Each structure stands twice: as C-alpha cells, then as structure tokens.
Amino acid sequence: MHKFWRVSAYEYQRHVLRSRFLFVLLSVPGLILVMAVVGLLISQAHQSDRPLGYVDHSGLLASPLPAPELDSSNRRVPLLPFQTEAEAQTALQSKEIQAYYVLPQDYRQTGHADLVFIESPSSDAEQEFADFLRVNLMSGQPEPVAQRLIRGDNLTVSTPDGSRSMSQNDWFNIFTPFVTGLAFIIAIFTTSGYLLQAVVEEKENRTIEILLTSVSFFQMMGGKIIGIIGVGLTQIIVWISVAVIGVLIGRNYFELLRAVHISPGFIGLMLAVMLPSFVLIAALMAAVGATVTEAREGQQVTGLFTLPVMIPYWFSFQIMSNPNGPLAVALSYFPLTAPVAVTMRAGFTYLAPGEILLSVGILSLSALGALWLAGRALRLGLLSYGQRVNLRELVGRSK
Amino acid sequence: MPSVEVSHITKTFGPVKAVDDLSFQVEHGEIFGLLGPNGAGKTTAIRVILDIFKPDQGQVSVLGGPMVEAKKNRIGYMPEERGLYQDIPLERCLVYLGSLKGLSPDQVRQQVGEYLERFDLTAHRNSKVKELSKGMQQKAQIIATLLHRPELVVIDEPFTGLDPVNTRMAKDLLQDLRAGGVTIMMSTHQMHQVEELCDRILLIHHGRALLYGDLESIRRRYSGHAVLVRAGGNQPHAASLDAVPGVEKAEAQNASVKLFLASDTSPQEVLHNLLARNVILERFEIATPTLDEIFIRVVQDEGVQSA
C-alpha cells in the first residue's frame, strides 16, 4: 500500500501544481463572480431613491398607515401624496418622483389603479406601494387577521419523516442539488481528462514500463485514480468554499440567499453518489487512455461517457415534474446517469434509503468493474504499442 | 544460481511470433549481451522477463523464482526510449521513481544528490527533463535505473546519445557494478561495446536464439582457420605470402595480411614456415572475427536458411 499512496500523492501534485489546473479552479468562481457583479450593477442601475407619488381619489389613503418595514437590504422609497394629477405630473416631469399611482374613486370596488411613469419604476418601489395599499385596505380588520393577510400564504411540503421540508419561499434550495451536481460533473470530467492525458503520455514515452517494473498494475492504476479524485475534490472544495463565502456575504444584501441551506443529509447523499461516480468515470477515462494512441483520439472517445452523464439534464423537466416516475427512477439505477439523476431527484422528492443504497451499490459495483477494465486495458495497451485496442480485445479472453 | 532463467518462452502478437521457444540463462554477476537486429524480439523478451507481458508459453525465473512484486525493488530497468516524465524538474522525477523502488525519502534524496554529482547534472536538478539534451536525459535514465542499488539491471541501448566521455563513464559504472556482484543484462546494437563489456551473449533473430554462450568461445567458433600477420621492414606483400606452405590464400586487411590455412596445417606450422623464410614479424595472431562480422554472417545465414 505504501507505493499505492506514493503514486496517488505524485499524481495529485503533478496535476494540482500545473497552471491549467489553477486556471480551471479559478475560472468557475471567477465567472460566477463576474456574472454576480454584472447582475448587481444592472440591478443597482435600475434602483432609484426618488419618491413614488400617488393621487388618491378614493379616500383610502386620507389618513394612511405607513407601509410595513421592508427588508433592510432593499432601499426604502418615500411615498409622496399629491392632491391632483396635474401636480403629480409636474413632479414627474421635473424628475422629483419616479412615477405616480392614481387611485380612482371606485378603487375599493374595482381594485383598479393606474401607474403613470416615464421610465418604469423599480420592482421594489412597486412592491412597497402594494404593501402600503394592503396595510391600509386592512386597517379596519382585527390586528391578527390583518397581519395574517399581509404575510400571505407560504406552502411548505415536508417528507413523511420530517427530515426535509421545502417551502415556496425558499425555491432557491430546489436548485442547490441541481447546481452542486453540475459542479461535481464538471470537476469529474475535467480531472478525469487529466488522467486520460497522463496515461496516454506515459504510454507514449514509456514511463509506464518503468512504473510497472516498480509497482503492480493495481498500485499504478488505483493510485492514479485516487490521486485524480483528490484533484477533483480539491476543485470541488474550493468551488463550494467560494460559493459558501459568496452566500454568507450575499445574504446580507439579498433576501433570497438568506433561505439557502444545505442539510448534512444532502452532503452525505452527494458524497455517496459522487465518489463511486468519480471512480467509475476516472477508471473509464484511464481505460480509454490505455487503449488509444493519442490524447486527442481519447478525448473524442470520451463523448461516449459524457453524453450519458448529461442525459438527466435533457430530461430535467420530466424529472422535476415527476421525480418518482419510471424515467427518473430508471436513470437513477443506470451507472452513468445515476449521479445527476439521483441528485436532481433529491431536490424534488423524498428518496427512500433503500433506493439510494441500490443506486450507490450499482454505481460502486460498476466502479469496481471499470477499475478491472482499466487494468486490463493497460495491459492490452502495452501489448499494442502504436495501435488502438478494439472493444472485442478489451472484453475478450485474457491474454 | 542464475539471476535470470528463461525456459522455452513464446510470445505471439496476432500473426507475429515475437519470441519463439527462447531459452537462456543470465548468470549472477555477469554482463550479458542480448543482441539481434531490429524486430528480433529483444524488447519483447525483456518485457516478458520483467513481467510486463505474460508469455504464451514457457517459464521465467528471476532472482531465484517467479517474478513477484517484492522483487521489483531489486531490479533496475531502463527502456530504450525516454522513460522519464518530461515536464517536471529532473530531481523531482528521480526522487519519485526512486521512491517507487522502496527507498525512504531521506535515502532517495541522498542517492539522487550523489548520482547527479557523479553524472555532472547537479546544475540541472531543477530543469525540466524535456529541457535537457538527449545525452543528459540518457544519463538521467541511467541514474533512475541504478538509484536503488539493484541486484539485477536490465538496460536497453545504454549508450545511445552519450558522448565518448559519458560513454566511458557509463561503461566504468557498469564494470564497477559487475565487480560489486550486480548482474547486468544489456540489449544493444553497438557490437564494440558488447565486445568490451559482455561476458556472454545471446543473439536472437525472428524471436529464436541463433548464438548463445561465452563471447570468446563464440569468436573462436567463427574464427575460421586463419592467422593475421604483419611483417616489418621491406617485407613481402599478401600476394607473395600465399606461397608459404600451408597457406591457401592471403588477403590484405588494413596494415596486416590474413592468411587462410589449409585444413591440415596448424598456425604453429605456418609461423615456423614464415620464420624459416626470414619474415620479420611484428604481429602474428589467430584471426578471430569481430562480433559485427559474426552478427552479420549469422543473421545472413539465417536469412538464407529461412528463404
């Protein structure tokens, strides 16, 4: 085992110390950061401190109650009453206000109001005026009733054992498995791609012969795969850390991010599904690397794995709308589609432990099979320097 | 006990029989030459011995038994082409390869330092392997092969790319290793190196053994019945020497003359006859062919027989 870990450690260092790894490592958080900054700038550009005016012909706002306190992250827009529409129009033209509402006399009956603007006001401003109206419409009601109506509905769905629940206000959490699964898949494929290239290079420059006269096939392939998994996990840990830091900072400014939470159960599920998937794909990549003569040729063959892995994303609507349907369940049991299908379903339904165990069991067995295949491919690849090993040879009788 | 014992191994790749019923032994503490033209099956034989390939038939015994993982630390192998990681610093590459041979981190660093010094590569320890010249890479490969002080060294073309100074250094190193009891199995095309270094040889062609045994015996076997003579002063030419009793033919060969003797004539008789004719001899020796000549003759004969 000593040599096994030396191979792993070397393989880990070899890739982590390369500039291309640092580029991939930083590019994803960098891209997200750029997108977030651009989004924030666009949002800020749309924000306005200017008051929002109103002309009330209905009498509802004659002695108005103030609008409820807004979230501290959203700027409060002052609400300015006008006696006539002409006054409001003048204020609008002189840009003293960003827009004004006109409540007609029959507003209480029709619920109809007009909004007059030159440039549409921010959604926060509209929301604030809506809250302001709601408070005043409820002014005659008993306090608890008024408060309850103002808060509105919030449907929460819980699992039978109560371990998980989801409400309509924290919809962001539904997409957490979706996004985390995608991050895992990107990490798995980028790092497994390194392994493929490394095996092809070692075969080309005969380093593999030196290695095989020092360590066993198992130590070499197993060590490489564990090293590559370490590289992938480093990538994921950095990405998740950046995401967590981003959420922790962002929740001071965005209500949406305050609802984000990841349960330990979900982390356990991700690890249980993604680790064997990592071994499976890394071993398949190593097998491809051992059987082809050039890295470029190997990368073309890897499409055979990348496409099945991405299939659950193609059927994401079907999985979301029927997470326990035959398609979603079948994809959870097929080794190459399982990692994405299981994590995606976890966002929308309750997965029974038996179901998870079966999926992880199939994945683990497939990973072991892929390791065997990689070892065999390497032996056959060595026998066929400069030639591709075909599938029949790979799965045929041992030489 | 032989260090390597190969018994009737056969290895086939599709329709090609790369090694065909090959048997030989490499004795402990000798330098053994594995010779043959390109595609003869030398590298396949080496890979079978090192358990990189499994033979279709036959047995291999290495260091007293079948090849097992524990024996890998006692063997050093240098393949013909490259065999080093190209895009990492030299020292890191050597330390890693040494560590896979069971050396502790301290041992491997010390050994690498000593060898880099000995091969004049200390200044390049932090250079990437691909930045080194071909000769330097060859030296680095030799270091990687010997770092862990193996008992059996298997090397494929060890002198390729080395300048005369470094070739001498590598030869001295191999001879030192032999003196220290290390068994060396060397595959090469450079016959003069074999003549200088090897105790015994195996010549293979089309995967089969053509010549096997002690180098001197083989040379004597192929010497024919001839002597090399160089006469001093104003001495007779080749043409006049074929008149010497017992000489069938005389042939100029550089500054000497090669005398082909009649089958019933011994070299001593010819020497006596030459002295009787007052020929002043500067050189008189049994004519033994160079290994190059034997190699070409045997391979050509084999070709004729195969045809």
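1. Two residues are in contact if their C-beta atoms, placed from the backbone, lie within 7 Å. In chain B of this predicted model, residues 24 or more positions apart account for 69% of the contacts with a separation of 6 or more.

2. Chain B contains 10 helices and 13 strands. Its C-alpha trace spans about 75 × 45 × 35 Å along the principal axes. Of the 307 residues in chain B, 38% are buried.

3. The largest nonpolar core has 134 residues. Helix α11 of chain A (residues 264-291) supplies the largest share of this core, 15 residues. The residues with the most contacts inside the core are A282(A), A283(A), A286(A) and A374(A).

4. Neighbours within four places in sequence left aside, A374(A) is in contact with M221(A), A283(A), A286(A), A287(A) and A290(A).

5. Another core, of 18 residues, lies apart from the largest one. Its members include F82(A), Y100(A), Y107(A) and L133(A).

6. The contact between the two chains takes 18 residues from chain A and 23 residues from chain B. On the chain A side, the elements that give two or more residues are α1 (2-16), α8 (207-212) and α17 (353-383). The largest share of that side, five residues, comes from α8(A). By class, the side of chain A that touches chain B has seven nonpolar, five polar and six charged residues.

7. Helix α1(A), one of the elements on that side, also packs against helix α9 of chain A (residues 217-250), with axes that come within 7 Å and cross at roughly 40 degrees. The crossing in which α1(A) passes α9(A) is right-handed.

8. Which residues of α1(A) and α9(A) make the contact? From α1(A) they are K3(A), F4(A), V7(A), S8(A), A9(A), E11(A), Y12(A), H15(A) and V16(A). From α9(A) they include G222(A), G223(A), G227(A) and G230(A), together with M220(A), I226(A), I228(A) and V231(A). Sorted by class, the contact of α1(A) with α9(A) has nine nonpolar, eight polar and three charged residues.

Notes:
Residues numbered from 1 in each chain as written. Chains lettered and ligands numbered in written order. Predicted model: local features only at pLDDT ≥ 70, side-chain atom pairs only at ≥ 80, totals over all residues. Helix = DSSP H or I, 4+ residues; strand = E, 2+ residues; numbered from the N terminus. Buried ≥ 20, exposed ≤ 12 C-beta atoms within 10 Å, placed from the backbone. Core = buried A, V, L, I, M, F, W, Y, C linked by C-beta atoms within 7 Å. Nonpolar A, V, L, I, M, F, W, Y, C, P; charged D, E, K, R; others polar. Axes fitted to C-alpha atoms, helices over the stretch in contact; angles between N-to-C directions. Left-handed = near helix turned anticlockwise from the far one by under 90°.
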